[in-house]
Amino acid sequence: MTSDTNTIELTETSFDEALAAHPQLIVDFWATWCGPCRALGPVLEAVATDAAERVVVGQVNVDEQPGLAGRFSIRSIPTLLFFKDGEVVDTVIGAVPRAEIDKRIDALQD
């Protein structure tokens, strides 16, 4: 985790460890050249701060981690995968409003 963000950067090396360490994890698949990804970034930063006690936000740069993008069949970015206890339980493709992300976080709590 870097000092200027509440999100964690995930790599092929660290992904499974993070999945095991965080029972509720949102993973953002993104790229630097992706406009909608950049638009969603500040929203996810706010989620990572505001919901830190409930969920961890991880980020996967698809250009740097193509194996992870392939592992989860990521075809469009941004894609958010919502994990609960190591399993994907929800997916959001595209930049969505904060309320939509919050709704899905609430569903993870059930």
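Modeller: Let's start with Gln-24, which counts as buried because its relative accessibility is 17%, and the cut-off for buried is under 20%. Keep in mind that this is a predicted model. Gln-24 sits in strand β2, which covers residues 24-30. Ignoring neighbours within four places in sequence, Gln-24 is in contact with Arg-54, Val-55, Val-56, Phe-83, Lys-84, Leu-108 and Gln-109.

Now for the sheet itself. Five strands make up an open sheet with mixed pairing, and their order is β1-β3-β2-β4-β5. At the edges you find β1 (8-9) and β5 (87-93), each of which pairs on one side only. Strands β2 and β4 run antiparallel and are joined by six bridges.

Helix α2 (residues 35-50) touches β2, β3 (56-61) and β4, and its direction makes about 160° with that of β2. Helix α4 (residues 98-108) touches β2, β4 and β5, with its direction at about 20° to that of β4.

On to the rings. The count of aromatic pairs comes to four. One of them is Phe-29 with Phe-72, a tilted pair at 6.1 Å centre to centre with 55° between the planes. Phe-29 belongs to strand β2 and Phe-72 to the loop between α3 and β4, so this pair ties together parts that are 43 residues apart in sequence. Phe-29 counts as buried because its relative accessibility is 0%.

Phe-72 also pairs with Phe-83, this time edge-to-face: 5.6 Å between centres and 85° between planes. That pair, too, links distant parts of the chain, with Phe-72 in the loop between α3 and β4 and Phe-83 in strand β4, eleven residues apart. At 1% relative accessibility, Phe-83 is counted as buried as well, and Phe-83 is among the contacts of Gln-24.

Last stop, Ser-73, in the loop between α3 (66-71) and β4 (79-84). Ser-73 counts as partly exposed because its relative accessibility is 46%. From Ser-73 to Cys-37 is 36 residues in sequence and 17 Å in space, C-alpha to C-alpha.

Technical notes: Residues numbered from 1 in each chain as written. Predicted model: local features only at pLDDT ≥ 70, side-chain atom pairs only at ≥ 80, totals over all residues. Heavy atoms only, no water. Helix = DSSP H or I, 4+ residues; strand = E, 2+ residues; numbered from the N terminus. Buried < 20%, exposed > 50% of the residue type's maximum accessible area, 1.4 Å probe, protein only. Contact = heavy atoms within 4.5 Å. Pairing = 2+ DSSP bridges. Axes fitted to C-alpha atoms, helices over the stretch in contact; angles between N-to-C directions. Phe/Tyr/Trp six-rings, centres within 6.5 Å; stacked < 30°, edge-to-face > 60°.
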